[in-house]
Amino acid sequence: MFSFILRKLATVIPTFIGITLVAFALIRMIPGDPIEVMVGERKLDPVMHAAAMQRLGLDQPLHIQYFRYVKDLAQGDLGISLVTREPVTKEFLTLFPATVELAICALLFAVLVGLPAGMIAGLKRGSVFDHGVMGVSMTGFSMPIFWWGLILIMYFSVTLGWTPVSGRIDIEFDIAQRTGFLLIDSWLSGEEGAFKSAAMHLILPTIVLGTIPLAVIARMTRSSMLEVLREDYIRTARAKGLAPTRVVVVHALRNALIPVITVIGLQVGSLLGGAVLTETIYSWPGIGKWLVDSISRRDYPVVQAGILVSATIFIVVNLFVDILYGVVNPRIRSAK
Amino acid sequence: MTTQVQIADVVPSYPSPLKEFWQSFSHNKGAVVALFIFLSVIFCGVFAGWIAPHDPVEQYRDHMLTPPSWAEGGMSTYLLGTDELGRDILSRLIHGARISLFIAFMSVLMSLIPGMVLGLLAAFFPKGAGTVIMRVMDVMLALPGILLAICIITILGPGLINTMIAIAIGTLPSYTRLTRAAAMAEINKEYVTASRVAGAGALRLMFLTVLPNCMAPIIVNATLGFSSAILETAALGFLGLGVQPPTPEWGTMLSAARDYIERAPWVVTMPGVTILVTVLSINLMGDGLRDALDPKLKRAA
């Protein structure tokens, strides 16, 4: 098992180095240099320009700059925002929990609804329920989620007035940041109504961000269930006279879940991408909205950091899924 | 001898590949309906100039935010109503179809062709070029599609052509991996060896011998790529990074409509419904195509 994990880790290293190269190259491929971006429209004295370039170390040869970048990175330094002049790492750490909270809720929503729906659809193949689930998941899969978000706001927030339009919590609450996850922080604060407010703010973004993963998980669970139910060991289990629920839950579901786990891992990528849109619609103060805002402000160090971080999350989660896969299925572990 | 002749007589005439394809495709009713919806969207896109009742950028200042014709206060001249600048929504949607389909088509083509070439190279030269290509693809795959597109647009700047490039680069890895996997499965089959022994060069082997046999999964993937390209174009437009106004693009229309969500819900509803219906029809069609082209996958799904 240990050597399996090491092997998996080794395959990730070149990808990670590639990502740092991309993030590094990005900021240097943008027309104009950071100094010109910083001063904007104003004319810049060439001497001052050169001095500023030297101060930022941008006059060094590229490979030296790259090694310095990696060295800073290893120390958790993502550079300094051109707009706020704050370290990017600090800004990132205050915004990141918001995105993680939203992503976890969306993924939970997708799994808790998608998995049982796909399972039942697979078991009752050809039934009305099956067609319903497949129709809904096909629609969810085709959904432009930014529009879906607007429609939900239009109906639930504007027409019915059930949920708030944007943000994470009503402004009247001033919650001390402990974990950064507002659901937990508002619970701990003990303020009346704070938890409810945070939860209400989460509902719509969770549905919007969870829609596509939900559709994918439901479809995958169904087809994987159908596949497994045809296997010989299921027939054997039935022939032995086991109760139908035992056959489904113990024998079929366990094996059917293996491909579903991979799909859930891959959905983390779409969650990160979807977070950009969802956070923009709901003014959710997370890294997705931060990234989009930074692009329009031409705050390149932030964009660079955002790309590096999202890719890293994607790599790490999928590495974790790969390892989990090996835990669930011993055959994969020993395969060379 | 006589028995042999009899057998030859009994052998049924096989339907032509096209007919066979249509038979299995039309088996899936949803796919056929989807095909007709999609064809009408294409028709609208191609003949937008003739079909659209108004000029898509003409601003009828006296009729700003007119509701759809069936709603209270609607006008029959503006079937789906007008937007915040008094432009006819239906005409903008019809012209938008042209832009969305064009971007999607070009971006699929721009990722499909290099993707196939890279995938074949990776399959035929697994030691040298293959390793490098696949590593680069791994890196590209680690960046979520829309983020990679945003990242490219940051460099290139927003616009129609840059949107295509951004989407094409984002989908390149999937075609490369798919072609490589399909080619790897074919490469050791006897007909390839026979062709190699007969003296076929590497290029001939790659493009004429192996590639045609890898097409089924690639075509299915291209269909799905087409629908996700439409979604991504709209998403970029919505974020203000895609096609720039006043060009009528579905996502850009939605982005402008956000502020009128309370006063004029139709401005928000119409472009979204159009995107959803188009993408849904392509995806349903893709399902039918998969069933028809790839019987092996049919059983799996």
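Predicted model: local features only at pLDDT ≥ 70, side-chain atom pairs only at ≥ 80, totals over all residues.
Okay, let's start with chain A. What is its secondary structure made of? There are 14 helices and 0 strands in chain A. The C-alpha trace of chain A spans about 85 × 55 × 40 Å along its principal axes. Of the 336 residues in chain A, 37% are buried. If you take the contacts in chain A with a separation of 6 or more, 71% of them come from residues 24 or more positions apart.

Now the domains. Chain A is assigned a domain 1 at 31-77 and a domain 2 at 94-144 + 209-333. Taken over C-alpha atoms, the centres of domain 1 and domain 2 of chain A are separated by 41 Å.

On to the annotation. UniProt, in an unreviewed entry, places "transmembrane region" at several spans of chain A, among them 95-121 and 302-328. How do those two look in the model? Residues 95-121 of chain A are 100% helix and 0% strand, and the end C-alpha atoms lie 39 Å apart. Residues 302-328 of chain A are also 100% helix and 0% strand, with 38 Å between the end C-alpha atoms.

Let's zoom in on one residue, A:Ala194. You'll find A:Ala194 in helix 9 of chain A, residues 194-229. Buried or exposed? A:Ala194 is buried, because 22 other C-beta atoms lie within 10 Å, and the cut-off for buried is 20 or more. Leaving out residues up to four places away in sequence, A:Ala194 touches A:Ile169, A:Phe173, A:Ile175, A:Ser186 and A:Ser189. As for A:Phe181, that residue is 13 residues from A:Ala194 in sequence and 13 Å from A:Ala194 in space, C-alpha to C-alpha.

Next, where the chains meet. How many residues are in contact? 35 residues of chain B are in contact with 38 residues of chain A. On the chain B side, the elements giving two or more residues are helix 6 (129-142), helix 7 (145-156), helix 11 (215-238) and helix 13 (265-293). Which one gives the most? That's helix 13 of chain B, with 9 residues. By residue type, the side of chain B that touches chain A divides into 26 nonpolar, 5 polar and 4 charged.

Let me stay with helix 7 of chain B for a moment. Helix 7 of chain B has 12 residues and reaches 16 Å from its first C-alpha to its last, close to the 16 Å expected at 1.5 Å a residue. Helix 7 of chain B is mostly covered, with 10 of its 12 residues buried. The buried ones include B:Leu147, B:Ala149 and B:Cys151. After helix 7 of chain B comes B:Gly157, with a positive phi near 90°.

Last stop, the nonpolar core. The largest one has 159 residues, and those with the most contacts inside it are A:Phe146, A:Ile217, B:Leu147, B:Ala149 and B:Ala235. So what does A:Phe146 touch? Not counting residues up to four places away in sequence, A:Phe146 touches A:Leu277 and A:Ile281 in chain A, plus B:Ala235, B:Phe238 and B:Leu254 in chain B. Keep B:Leu147 and B:Ala149 in mind here too: both are buried residues of helix 7 of chain B.

That's the tour, thanks.

Note on methods:
Residues numbered from 1 in each chain as written. Chains lettered and ligands numbered in written order. Contact = placed C-beta atoms within 7 Å. Helix = DSSP H or I, 4+ residues; strand = E, 2+ residues; numbered from the N terminus. Nonpolar A, V, L, I, M, F, W, Y, C, P; charged D, E, K, R; others polar. Domains from an automatic or database assignment. Core = buried A, V, L, I, M, F, W, Y, C linked by C-beta atoms within 7 Å. UniProt positions renumbered as here; feature names shortened; annotations may be inferred. Expected span 1.5 Å × (residues − 1).
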